[in-house]
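Visitor: Put the model up, please. I have some quick things to ask.

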Amino acid sequence: MSNPTHQPRNQWMIAISLTLCALLAVAGEWSQFHFIYGITFSLTSLFVLLSVRLFGIWGGLLTACAAFLAGAASADLLMFQAIGLLEALIVGLLMLRYRGRLFMTDLFFWLLIGAPLVYFFYNQHYSGTGIDIKLIACLIAINGLFNALFAEIAHQYLPLSRWSGMSSIKRLPRSMSQLLLHLSLGIVLVSFLLNMLVNSINSFKEVSYYVEDIALQATNTITKEWGASNVPYTIPSDGVSIRTLQFLIDRYTTETYTFSLTNDQHQVVASNHHGLIGTHIDPFGEKTFRPISEYLYFSSNYNSFSRLKLYTWNDEQFLFQSKLGNGTGQIVITFPLEYYQKYLLGKYFTHIFYLIGFGLVAAFVSLLINRSFARSLKRLAVVTTNLPLKLKHNNALELPESSTVEIHSLIMNIKHMSSSLLYLFRESQSNNERLEMQAQLLQQSEEQLHQLAYYDMLTGLPNRHQFTRHFQELIAMNTGTGSRLKVGVLFTDINRFKQINDTLGHAFGDKLLQLAGGRFQSIQCKSCDVFRLGGDEFVFVVRYQEEEELSRHAEAILDCFVEPFIIDGMPLFLTVSIGISAYPHDGDDMDTIVRNADIAMYNAKEEGDGCYRYFKPNLLPLIAEKMRLENGLYKALQENQFSLYYQPKISAATGELCGIEALIRWKHPELGLVPPDKFIPLAEESGFILEIDRWVFREACRQNKAWQDAGLKKISVSVNISARHFYQGNLKEMILSELKATGLEAHYVCLEITEGVFMRNIDQVIDTILYLRNLGIQISIDDFGTGYSSLNQLQRLPISDVKLDRSFIQGITSDDKKSSIVRAIIELVHSMNMKVVAEGVETADESRFCKELKCDELQGYLFSRPLPAAELEALLVPTENVS
């Protein structure tokens, strides 16, 4: 697609180039030079035809009109300007059909139209004058063909299209035969024109020498007989002397020239043309003469602006003037040029025949050369057309032979190349088979990656990422169409799920979530989609017309929990609480709608299990409680209400303690122990998480350094870092500052980040992680697989290990699909030289299975719950110090 900003520039270039061609054509019309006497040579049609070739028929006609006006203003014969316009029109029309053949179309014009018109015109005006009209027509046609040939050469071998702004026009390729034809005809035409010019000058000099010799012989003979050559003699005034002088003049002169003796008053005393006797003649006063020798002059009344004036042959003449010895008179002899016209034109006609002959010879020679060289190349081009396809189908190649060394080498190279291509085709066939197998494996991997990116691995439902994209698409659809689409969000939470999870274990809780997800899936329909956001939170997105539809969907969700859940033979009766928020009634963006649905859900929980509530503005006091916690965060940090617990990491290979993870706890003075999942999201929303993470990092480093100084086991401590640090905080400066303050070496620190880090500014994230890795700090991806898939980013990041979320681990021994996915993830992570940490390991079977999958480290309640620093210290005592 062309750039619109270049179009005005190209239009200016085209206008300037066309104007330049028109000016050059006008200059050629005004600056014609004499080719042979009476005939001029013009370059006007060269620029006219070049305009036709570059700008088309209208550009050529515009240039021809400019030349026509210039010629009409200075010449009296408009026939040539009319022929020029006709030439531009005819050649332009023929070029529409025969593109790129400027010389051939112009040759057609002059043979069939131009030359016959010139012959007819001059035959009407100069018939019977002795002028060879055929010669004149040939010379004018040769002038036109010369201009056409060199216009085609200039366009073909110079980048005129690019210079003129017509680069969008595809340039036709050049052939060898065309190149040879241009070369041979160009040489012949230039040689002919130079030869004609030189011979014209020499022939004119030959005639002038002949005229001067005749004049000198007649003058010397008459003056010698008369006696005026040796003794000063006065022009006779008596009748006898005049008759004697007249007798001598009549005797020694001819009628082909005029011999006159004049006195000092320019009165003719005697002449071989008796009618001039007694008249006054002054040649220099009547015409303009240019000197040729001491005595000989030639009239020069030819109008340089006239295209052709053949009548000058009748007007122009040679003038011989010799003064008598005593200065009383002079001899004046005039030779009309028309007597020598036939002689001169005959020589010119001979040159025309030579030109035609040499032109035919040159064309024949170029044809022979082309036949000798180009025939083999053409056959080679035909044979090698679609060469790969021919080789692929095992077609036999009949390569031509040539006695030319270069062409023979080219044929041999193509022969070797075809052999190599045949080998490559066979190799590519086997490679294609391997690629097909790889493509199948890749398709399977893509399906698995897509499953990880957009679906929850525990329940198989679309995850938070898919929910965000789906809801934003609905909003965009509403905005783009201008319709007021109604969308309801039913925020669903399983009551008492946390209690079940804590008492019966995560494995039991995961089975419950799987069964709940199956029941939720069974009630979704075309206008209702269900998503799992995380934990026991599910969201239904309903497109509706009336509010009653939302109530029916909410009742259907409640009804699906009427039947008990049977898990490990144990019936479990549960209920759900549903909060409903409608778009656009309760908000104009996704975050507002989800927040309001969440508030409505908490209101439903407060009013009793197994009910649903719509969002009402009076529910906002619930936000106040959140704000109370949010405002208490700063005070908690100032008054040391936070503390750190540490959960061990166990090496899967040795079973030894290989690391610990620092976990924050908040003991509120009024509310008691506040769960992290309740205040951490508030800290994330408010941005206070930056200060909390700084405190956690400092305290974890300080405690680890204290243990090392006490001689305890040196291990790495893992600290969870919010994604906000990569976008809003000064993570690099904070890390350096706290490491320097605590004195802990960087390689004893591991930063755990979530997949949400990769959602934006990935280049900035990579730069920060590279900087931290260069310090020696380890980087781990926490809760892998629960949010946005980061597999496509692992290859770009210097990650040390990946922590599989507990939803992957729990139930892995009984779920073949889950175990296959975990196996694929572990193999992929190991292939990139990273470790895999399994968190949430609670049973011996899960531990054994993770070891079989070559998981590097294990973490979970099977080994230890999070412990305060004092209790963990006992695990750090070196083995040799334990009695």
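Visitor: Is Glu 699 buried, exposed or partly exposed?
Guide: Glu 699 is partly exposed, at 21% relative accessible area. Buried means under 20%, exposed over 50%, and partly exposed in between, using a 1.4 Å probe and protein chains only. This is a predicted model, where local features need pLDDT of at least 70 and side-chain atom pairs 80 or more, while totals for chains, interfaces and linings use all residues. Residues are numbered from 1 along each chain as its sequence is written, and side-chain values use heavy atoms, without hydrogens or water.

Visitor: Which residue does Glu 699 form a salt bridge with?
Guide: Arg 702, with the closest N and O atoms 2.6 Å apart. A salt bridge puts a side-chain nitrogen of Lys or Arg within 4 Å of a carboxyl oxygen of Asp or Glu. Arg 702 is partly exposed, at 38%.

Visitor: Where do Glu 699 and Arg 702 lie?
Guide: Both are in helix H21, residues 689-709. They sit three residues apart, about one turn of the helix. Helices (H or I, at least four residues) and strands (E, at least two) are DSSP runs, numbered from the N terminus.

Visitor: How many salt bridges does the count come to?
Guide: 14. One of them joins Glu 752 and Lys 649, at 3.3 Å from N to O. Glu 752 lies in strand S20 and Lys 649 in strand S16, so the pair ties together parts 103 residues apart in sequence.

Visitor: Are Glu 752 and Lys 649 buried or exposed?
Guide: Both are buried. They also belong to a salt-bridge network with Glu 661, Lys 803 and Glu 839.
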